[in-house]
Amino acid sequence: MAIRSILTAPDPRLKAVSTPVDAVDDGLRRLIDDMAESMYEADGIGLAAVQIGEPKRVIVMDLDQKSGQKNPRAFINPKILWASEELATFEEGCLSVPEIWDEVARPARIKAEYLDREGITQLLEADGLLATCLQHEMDHLQGVLFIDHLSKLKRSIALRKLQKAKRLRETG
Ligand code: K2U
Ligand code: ZN
């Protein structure tokens, strides 16, 4: 397993539409393990493959990292089959959008289909943080960041802040 660096916005690679996985094999499972390790290292609870520069339709999430218990779940080629009209608002952050937090409204309940790390089709009914996080990660697979859901003004302020922080990191 390897800890991979996480891309931070602005970065055109984060805007890529990720490609479907055509084989759930050992190579993909190594990528999933690297994603999980990179997510834990960054104190995240979710990560999309595109965030480590791999535009494949693969997500890992672990919402219950209680007292060191790690239970990473892989979602390969996830599809949302149904979403409630009712919305739920959460304050979101993102490992690729450092130091920016804001409220995003998304469908409160969803039904999704995906392949697990053995390539078996699974169905998921989710609400609460699980529904929000999965939708946030699936946005990544479409090249969409949570700041793209904010008002034009808030998004431009966020992008200016991110550009300045990236310049400072790169020039030291
Ligand atoms: O894409 C991501 O970075 C996933 C988010 C998970 C998440 C986003 C929105 C709502 C719920 C969960 C991160 O893994 S967790 C949030 C975070 C952001 C920055 C630093 C640490 C944790
Ligand atoms: Zn994110």
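What arrangement do the 4 donor atoms around the zinc ion (ligand 2) make? The views below start there, and the model they show is predicted.

**View 1. The zinc ion (ligand 2) and its donor atoms.** Here the 4 donor atoms subtend angles of 97 to 123°, which makes the arrangement tetrahedral. For comparison, ideal angles for four tetrahedral donors are 109.5 degrees. From the protein come C94 (SG), H136 (NE2) and H140 (NE2), at 2.0 to 2.2 Å from the zinc ion.

**View 2. The donor residues of the zinc ion (ligand 2) along the chain.** Their spacing in sequence reads C-x41-H-x3-H. C94 sits in the loop between β4 (87-92) and β5 (102-107), while H140 belongs to helix α2 (residues 128-141), so this pair ties together parts that are 46 residues apart in sequence. C94 is buried, its relative accessible area being 12%, and H140 is buried too, at 1%.

**View 3. The largest pocket, with about 400 Å³ of space.** Among its 22 lining residues, I45, E92, G93, C94 and W101 lie nearest the centre. Both β4 and α2 give two or more residues to this lining, and α2 gives the most, with 5 residues. Sorted by class, the lining holds 11 nonpolar, 6 polar and 5 charged residues.

**View 4. The second largest pocket, with a volume of about 170 Å³.** Look for M1, I32, Y40, K70 and R117, which are among the residues that line this pocket. α1 (26-41) and β3 (73-83) each supply at least two lining residues, and the largest share, 5 residues, comes from α1. This lining has 6 nonpolar and 6 charged residues, with no polar ones.

Key:
Residues numbered from 1 in each chain as written. Chains lettered and ligands numbered in written order. Predicted model: local features only at pLDDT ≥ 70, side-chain atom pairs only at ≥ 80, totals over all residues. Heavy atoms only, no water. Donors = N, O, S within 2.8 Å, 3.2 Å for Na, K, Ca; no water. Tetrahedral: all angles 85-135°; square planar, octahedral: opposite > 155°, others 65-115°. Helix = DSSP H or I, 4+ residues; strand = E, 2+ residues; numbered from the N terminus. Buried < 20%, exposed > 50% of the residue type's maximum accessible area, 1.4 Å probe, protein only. 1 Å grid on protein atoms, 1.4 Å probe; cavity = no way out; pocket = protein on both sides within 12 Å on 5 of 7 lines; lining within 4 Å. Points joined across faces, edges and corners; volume = space filled by probe spheres on them. Nonpolar A, V, L, I, M, F, W, Y, C, P; charged D, E, K, R; others polar.
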